[in-house]
Amino acid sequence: MKYEITTLTLIATLAFALSAPVAAVSKVSFPGTSKAPDPTGRYTITWTDSRPHELFFKTINKGNKQHFLSFSRHVDVFWAPDGNAFAVTDWGGSDYSDALIYLPKEINKPINLKVVLKKTFGGLPEIERNHHVYFEALDWSSPEIITFKVHGYGDFNPDGFEKVFNYNLKDGKINQKQ
């Protein structure tokens, strides 16, 4: 009887785990990691140790690999929980970084969060008038919403600034978090 309960418990636990939504993936950094698979196992991101470094997107069941980003220093990659998008923070220089969103079906059309932010709020003085400005993807709060941070310092904000925003993939809107 005890064996049957243990087996039933195992089966119930396995069924629950398989029906649960896929958890968000933590940050993967390149260089430093060989690949960043999406949470569903459909795609993976790899890199080459060339100069400049290059990121490649691969559809697992097709086997094709496609270049989508060259970078000089390092990048962080965050997959959305459903694997239908990923964010890249490109730490391109000591005084800037860019945050980009990619959709696997449109891999050559990144969404640049700096461009969307400027269209939404205009030229924010913190971004326009400081010489160290960093856009950084933080995490996915849902499959459609990425949280990102803009921070930095310079002549306009010598003590620094930090603002946090959400970008919604479905409607393309940015909202500042309070």
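1. **Ground rules.** This is a predicted model, in which local features need pLDDT of at least 70 and side-chain atom pairs count only at pLDDT 80 or more, while totals for chains, interfaces and linings use all residues. Residues are numbered from 1 along each chain as its sequence is written, and side-chain values use heavy atoms, with hydrogens and water left out. Helices (H or I, at least four residues) and strands (E, at least two) are DSSP runs, numbered from the N terminus.

2. N130 counts as buried, at 8% relative accessibility. Here buried means under 20% relative accessible area, exposed means over 50%, and partly exposed lies in between (1.4 Å probe, protein chains only). A polar atom of the N130 side chain lies 2.8 Å from the backbone oxygen of E126. The side chains of N130 and N157 are joined by a polar contact of 2.8 Å. A polar contact is a pair of N or O atoms within 3.5 Å; within protein, one must be able to donate a hydrogen and the other to accept it, and residues adjacent in sequence count only if both atoms are side-chain atoms. Not counting residues up to four places away in sequence, N130 touches P125, Y153, G154, D155, F156, N157 and F161, where contact means heavy atoms within 4.5 Å.

3. The structure holds four salt bridges, each a side-chain nitrogen of Lys or Arg within 4 Å of a carboxyl oxygen of Asp or Glu. Side chains of opposite charge can pair when their charged atoms come close. E128 is partly exposed at 44% relative accessible area, and K118 is partly exposed at 46%. K163 and E126 also meet through their side chains in a salt bridge (3.2 Å, N to O). That pair connects strand β12 (residues 161–168), which holds K163, with helix α3, which holds E126, across 37 residues. E126 is buried, with a relative accessible area of 15%.

4. K149 forms a salt bridge with E162, and their closest N and O atoms are 3.9 Å apart. K149 lies in strand β11 (residues 145–153) and E162 in strand β12, so the pair ties together parts that are 13 residues apart in sequence. K149 is buried at 17% relative accessible area, whereas E162 counts as exposed at 51%. Salt bridges that share partners join E136, K149 and E162 into one network.

5. **Strand β10 and its partners.** Seven of the nine residues of β10 are buried, so β10 is largely enclosed by the rest of the structure. β10 and β11 pair in the antiparallel sense over eight bridges; strands pair if DSSP finds at least two bridges between them. These two strands form a hairpin with four residues between them, and E136 stands opposite K149 in β11. With β8, β10 pairs in the parallel sense over two bridges, and the bridge partner of S97 in β10 is Y134.

6. **The nonpolar cores.** Which residues have the most contacts inside the largest nonpolar core? They are I101, L117, F135, W140, F148, V150 and Y167, in a core of 23 residues. A nonpolar core is a set of buried Ala, Val, Leu, Ile, Met, Phe, Trp, Tyr and Cys residues joined through side-chain atoms within 4.5 Å. The elements giving two or more residues to this core are β8 (96–102), α2, β10, β11 and β12, and β10 gives the most, with four residues. A second, separate core of 18 residues includes F57, W79, V88 and Y102.

7. An open sheet of four strands has the order β2-β3-β4-β5, with antiparallel pairing. Its edge strands, β2 (35–37) and β5 (65–71), each pair on one side only. Strand β4 (residues 53–59) pairs with β5 over six bridges in the antiparallel sense, and E54 stands opposite S70 in β5.
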